[in-house]
Amino acid sequence: MAEPATATQAAAPAVALLKDELDIVIPTIRNLDFLEMWRPFFQPYHLIIVQDGDPSKTIKVPEGFDYELYNRNDINRILGPKASCISFKDSACRCFGYMVSKKKYIFTIDDDCFVAKDPSGKAINALEQHIKNLLSPSTPFFFNTLYDPFREGADFVRGYPFSLREGVPTAASHGLWLNIPDYDAPTQLVKPLERNTRYVDAVLTIPKGTLFPMCGMNLAFNRELIGPAMYFGLMGDGQPIGRYDDMWAGWCTKVICDHLGLGVKTGLPYIFHSKASNPFVNLRKEYKGIYWQEEIIPFFQQAVLPKDCTTVQKCYIELAKQVKEKLSKVDPYFDKLADAMVTWIEAWDELNPTGPVPNGKAA
């Protein structure tokens, strides 16, 4: 059975990559003791902690970490009426941290994710691998059978077009999990004892035109390239759906990346997911999403953004318009979600007034 690395096995890297250009965003309702295990890897970086639930509760953070903490009162104070777009009693609140960050890169992780070990027993520095993924190009237009050609020991295989070998900027890096897999409630119920012990040493670019289920518990992205698309929707308290926050963000992000000529990678790094959530509670949160996704996914597969959508914000506003036009018939919730998507962009631009987010070359 897979076990997490211990704090003594996690040795600090010689150089903390992008130390002044990356924020670590953590949503939580509890004391952050799990940071002790991550201390060798996380301590050089700035943390943004988004406290969910009761704002009067004190969240304890281990000494020695540089952090800022926001609770619901802070969110309401900073955003005013626009705070309605930030979910409550759901880890979707993490996207507020993306909005208030001033750094180029974001790494977000859940508080039940521990340091994993590779097959040799070495502690995995997940953050370092995410940074390597983000700093090397993606290849969404043609699949390389040796996976990421920019990794050490790999390259483009015979028959790969030379005109595409430059690649495109990488907007997001999606990591995976050992131990508890990220299953939906029906799969959890059918396979309650299943654990992921398979370590696959691979990173791949998700091809253009292909959607994927994005998990937010081990995720990094270039905030300047794709930040405004990383909205985790309306979930949790007062909403008819939960556990689809990261899925929604992933579908929107991938459609926009495809349009703007940006890449998304998946695979390494692994974290150790320590705790299985209650499948019966999850089923109550997910059941409408499980039903709705059969219409949501074809919507995203068919979504086309006009050529004049040259910034992430313009793309996202156009996507919100299409959500309102085409998904409101599925449920009135999507009418509300489309409005929240617009509010999110307005709030993002208020807190980040430097102008449109730069992007890759429009496809």
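Let's start with a cluster: ring pairs link Tyr-244, Trp-248, Trp-251, Trp-292, Phe-299, Phe-300, Tyr-333 and Phe-334. Rings of Phe, Tyr and Trp (its six-membered ring) pair if their centres lie within 6.5 Å; planes under 30 degrees apart count as stacked, over 60 as edge-to-face, and the rest as tilted. Keep in mind that this is a predicted model, where local features need pLDDT of at least 70 and side-chain atom pairs count only at pLDDT 80 or more, while totals for chains, interfaces and linings use all residues. Residues are numbered from 1 along each chain as its sequence is written, and side-chain values use heavy atoms, leaving out hydrogens and water.

Searching the whole structure turns up 21 aromatic pairs. One of them is Tyr-98 with Phe-232: the ring centres are 5.7 Å apart and the planes sit at 75°, so this pair is edge-to-face. Tyr-98 belongs to helix α3 (residues 95–100) and Phe-232 to the loop between α6 (223–226) and α7 (245–260), so the pair ties together parts 134 residues apart in sequence. Helices here are DSSP runs (H or I, at least four residues), and strands (E, at least two) are too, numbered from the N terminus. Both Tyr-98 and Phe-232 are buried, meaning under 20% relative accessible area, with exposed over 50% and partly exposed in between (1.4 Å probe, protein chains only).

Phe-299 and Phe-300 also pair edge-to-face, at 5.0 Å centre to centre and 70° between the planes. Phe-299 counts as buried because its relative accessibility is 7%, and Phe-300 because its value is 2%.
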